Amino acid sequence: MLEKVERIADMICRAGRPVVFTGAGVSTESGIPDFRSPGGVWDRFDPSEFTFRNFVESAEGRRKYWELGREVYPVIRKAEPNAAHFAIAELHRLGRLDCVITQNIDNLHQRAGLPAEKVIELHGNATRARCLRCGRRYTRDEIHECLEQGVDIPLCGPPCGGIIKPNTILFGEAMPEEETREAERRARQCDVFIVVGSSLVVYPAALMPLYAKEAGAALVIVNLSDTPHDAYADVLLPGRAGALMERIVERVRQRLA
Ligand code: NAD
């Protein structure tokens, strides 16, 4: 394991444009469950009910969505960045990070000190919401307050009354164009691409490591369980993101000192 940590640190130090790609596994140590580990959200809720179409076309779909959101959002709100988020933010301070491409919606990379422009959010951000009719923006805290007061389907304020949707990408919803394009560009330009805490089964996000590899970057995967892309990895480091990323970045810091 130490040898792999050393190799990854070396790759990061030599790289001109290291990119980190994160998934739900980078935030489990902050207390936010991932989707696919046992006991995750989809063991208790049926994912097919939480589609974009169901949300925009059916009041019942929106009611169910907000019922789940009312349970999940407080977990996100109270979560604090963990050692992995801080280690990744430290890479930026050390001048060793081109950007983070994240599938996460929890805002924890930014809260760990990474400037917002360094974080490409492929699946949106759960701390914000907006009206689908007039575009008015809301904080998720405002919406959560409504839910707590007994509103089951929050609507935009008068005179609009439009559907309010969180700024997260629902199943079946188009990916944000600019972010997806930029993520692909950065993946293709980087020289080392480090996956941290992702099952790499959600597409098109899971294409990013393949774009990087195709363009000649070294691929590193730091994850608790196997992924379908493991065979493409130059270094595969199984384990928990917090301790491993902390060690890697510690070695980067020592090498650069
Ligand atoms: P996933 O749930 O499919 O996979 C998470 C992976 O992380 C698993 O392979 C698991 O073995 C690994 N993992 C769990 N804890 C870990 C740890 N401490 N260290 C290292 N690895 C760990 O997550 P995904 O690949 O991100 O895809 C799921 C989708 O769920 C994404 O679209 C994402 O938007 C969304 N999601 C986000 C959050 C969040 O924002 N925190 C939470 C749940 C789901």
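Where is L200 found? In this predicted model, L200 is found in the loop between β7 and α8. Its phi is near 55°, a positive value in a residue other than glycine. L200 has a relative accessible area of 2%. Buried means under 20%, so L200 is buried.

The loop between β7 (192-196) and α8 (208-214) also holds P204. A cis peptide bond joins Y203 and P204, with omega about 5°. Another cis peptide bond runs from P158 to P159, and its omega is near 5°. P159 has its place in the loop between α6 and β6. A positive phi is also found at N107, which is not a glycine; the value is about 70°. N107 is in the loop between β2 (99-102) and α5 (108-111). The relative accessibility of N107 is 17%, so N107 counts as buried.

The domain assignment divides the chain into two parts. Domain 1 covers 1-32 + 79-123 + 175-257, and domain 2 covers 33-78 + 124-168. Taken over C-alpha atoms, the centres of domain 1 and domain 2 are separated by 28 Å. Their contact takes 19 residues from domain 1 and 14 residues from domain 2.

The ligand lies between domain 1 and domain 2, because both give residues to the shell around it. There are 28 residues around the ligand, and R36, Q103, H123, S199 and S225 come nearest. The shell divides into nine nonpolar, 14 polar and five charged residues. At Q103, a polar backbone atom is 2.3 Å from a ligand oxygen. At S199, a polar side-chain atom lies 2.5 Å from an oxygen atom of the ligand. For S198, a polar side-chain atom is 2.8 Å from an oxygen atom of the ligand. The ligand taken alone exposes 840 Å², and the protein buries 95% of that.

Three further residues were examined one by one. L237 sits in strand β9, which spans residues 235-238. L237 counts as buried because its relative accessibility is 1%. Beyond its neighbours within four places in sequence, L237 is in contact with M1, K4, V5, I8, I221, V222, N223, L244 and I248. L237 and K118 are 119 residues apart in sequence. In space, the C-alpha atoms of L237 and K118 are 24 Å apart.

P154 is in the loop between α6 (140-148) and β6 (164-168). With 2% relative accessibility, P154 counts as buried. Not counting residues up to four places away in sequence, P154 touches W66, I143, L147 and I164. P154 and R63 are 91 residues apart in sequence, yet 9.0 Å apart in space, C-alpha to C-alpha.

R186 belongs to helix α7, made up of residues 177-189. R186 has a relative accessibility of 15%, and therefore counts as buried. Leaving aside neighbours within four places in sequence, R186 is in contact with V19, D98, C99 and I120.

Notes. Residues are numbered from 1 along each chain as its sequence is written. This is a predicted model: local features need pLDDT of at least 70, side-chain atom pairs count only at pLDDT 80 or more; totals for chains, interfaces and linings use all residues. Side-chain values use heavy atoms; hydrogens and water are left out. Helices (H or I, at least four residues) and strands (E, at least two) are DSSP runs, numbered from the N terminus. Buried means under 20% relative accessible area, exposed over 50%, partly exposed in between (1.4 Å probe, protein chains only). Contact means heavy atoms within 4.5 Å. A residue is near a molecule or strand if one of its heavy atoms lies within 4 Å of it. A polar contact is a pair of N or O atoms within 3.5 Å; within protein, one must be able to donate a hydrogen and the other to accept it, and residues adjacent in sequence count only if both atoms are side-chain atoms. Accessible areas come from the Shrake-Rupley method with a 1.4 Å probe; for residues, only the protein chains shown count as cover. Ala, Val, Leu, Ile, Met, Phe, Trp, Tyr, Cys and Pro count as nonpolar, Asp, Glu, Lys and Arg as charged, and the others, Gly among them, as polar. Domain bounds come from an automatic or database domain assignment.
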